[in-house]
Amino acid sequence: MAVKILFLGPLQDLAGAGERMVDGPLDWNGLIEAVGLDVAAKLQSEKVNVACSGRLLPDKSTLAAQDGDEIALLPPVSGG
Amino acid sequence: MIDVRLLEKGFSAGQALARFAKANPGSGGIASFVGKVRPDNDVKALHLTHYEPLTLPGMEELAQAAMSRFALEGVLAWHRVGYLQPAAPIVLVAAAARHRRDSLAAVDYTMDHLKSAAWFWKREKRSDGWHWIEPRGQDHDDLARWN
């Protein structure tokens with residue numbers, strides 16, 4: 001088991017893939033280190049939201065992902 | 001009644017509205033909005049992506065919020081995902097109410113939230129490849145009107 005990181009929207013181009021598997025557990029600092037410099041820079045801006053196991057984190061720095069969890073990195077949206 | 005859907009395939013707004021009207025027989029007015037892929041800027045296709053665990057639940061919460069905020073009998077919000085051709089419908093929002101102002105305002109409210117507070121990302125294919133669409137400042141200003 002591992003933690004799956006999903007890169008949504010334009011973040012997938014920056015990451016070079018739609019998803020990545022990393023060893024758990026994973027906290028905020030671990031996430032920053034795991035995603036590469038380009039995505040990390042975006043992630044540290046207020047505009048990118050983070051969900052863990054399908055729930056949006058009100059404060060992404062409290063991330064505490066366990067093996068089997070899915071983390072979604074959600075950049076600003078453009079629907080409608 | 002609330003009718004919220006994520007659609008993988010094209011849809012007919014006319015048929016959806018006819019069914020919606022039938023499902024809300026007591027309404028004095030039904031307002032609706034259809035958003036389409038704008039056929040300009042040499043756009044060849046549009047690709048809409050979403051995040052399954054959040055997108056549909058978020059749309060359902062939005063529909064509930066519209067029902068609570070306005071005096072509605074029903075609200076409909078359908079949104080496409082996947083690949084779309086120019087002029088194809090992307091989104092359909094409708095609101096049924098006893099009086100017109102509630103239905104008109106509810107459609108405006110729901111569309112503003114779908115544009116800048118629902119979990120969708122779109123990119124368009126032009127002659128030089130795919131480009132992600134950045135959110136517009138205007139969309140956020142539109143959303144702020146409802147605070």
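1. Strands here are DSSP runs of E with at least two residues, helices are DSSP runs of H or I with at least four residues, and both are numbered from the N terminus.

2. A remark on the basis of this note. The model is predicted, so local features need pLDDT of at least 70 and side-chain atom pairs count only at pLDDT 80 or more, while totals for chains, interfaces and linings use all residues. Residues are numbered from 1 along each chain as its sequence is written, and chains are lettered from A and ligands numbered from 1 in the order in which they are written.

3. Which strands pair with β3(B)? One of them is β7(B), antiparallel to β3(B) and joined to it over 6 bridges. Another is β5(B), also antiparallel, with 3 bridges to β3(B). Two strands count as paired if DSSP finds at least two bridges between them. On the β7(B) side, B:His50 stands opposite B:Phe120. On the β5(B) side, B:Leu46 stands opposite B:Leu84.

4. B:Tyr83 lies in strand β5 of chain B, residues 82-84. Is B:Tyr83 buried or exposed? B:Tyr83 is exposed, because 12 other C-beta atoms lie within 10 Å. The cut-offs are 20 or more other C-beta atoms within 10 Å for buried and 12 or fewer for exposed, with partly exposed in between; the C-beta atoms are placed from the backbone. Leaving out residues up to four places away in sequence, B:Tyr83 touches B:Ala45 and B:His47. Two residues are in contact if their C-beta atoms, placed from the backbone, lie within 7 Å. B:Gly14 is 69 residues from B:Tyr83 along the chain, and their C-alpha atoms are separated by 21 Å.

5. Chain B as a whole has 4 helices and 8 strands. Its elements, read from the N terminus, run β-α-β-β-α-β-β-β-α-β-β-α. Chain B has a radius of gyration of 15 Å, close to the 15 Å that the globule rule gives for 147 residues, so it is as compact as a globular protein of that length. The radius is taken over C-alpha atoms, and the globule rule is 2.2 Å times the number of residues to the power 0.38. The C-alpha trace spans about 50 × 35 × 30 Å along the principal axes of chain B. Of its 147 residues, 32% are buried. Among contacts in chain B with a separation of 6 or more, 75% are between residues 24 or more positions apart.

6. Chain A has 3 helices and 7 strands, in the order β-α-β-β-α-α-β-β-β-β from the N terminus. The radius of gyration of chain A is 11 Å, close to the 12 Å from the globule rule for 80 residues, so chain A is as compact as a globular protein of that length. Its C-alpha trace spans about 35 × 25 × 20 Å along the principal axes. Buried residues make up 32% of the 80 residues in chain A.

7. In chain A, 5 strands form an open sheet of mixed pairing, in the order β2-β1-β7-β4-β5. Its edge strands, β2 (19-22) and β5 (55-56), each pair on one side only. Strand β4 of chain A, residues 49-52, runs antiparallel to β5(A) and is joined to it by 2 bridges. The bridge partner of A:Ala51 in β5(A) is A:Leu56.

8. How many residues does each chain give to the contact between chains A and B? Chain B gives 21 residues and chain A gives 13. In chain B, α2 (52-69), β6 (89-97), α3 (100-116) and β7 (120-126) each supply at least two residues of the side that touches chain A. α3(B) gives the most, with 4 residues.

9. The largest nonpolar core has 52 residues; A:Ile71, A:Leu73, B:Ala66, B:Leu76, B:Ala77, B:Ala95 and B:Ala106 touch the most other members. Such a core is a set of buried Ala, Val, Leu, Ile, Met, Phe, Trp, Tyr and Cys residues joined through C-beta atoms within 7 Å. β6(B) supplies the largest share of this core, 8 residues. Not counting residues up to four places away in sequence, B:Leu76 touches B:Asp3, B:Ala16, B:Phe20, B:Leu92, B:Val93 and B:Ala94.
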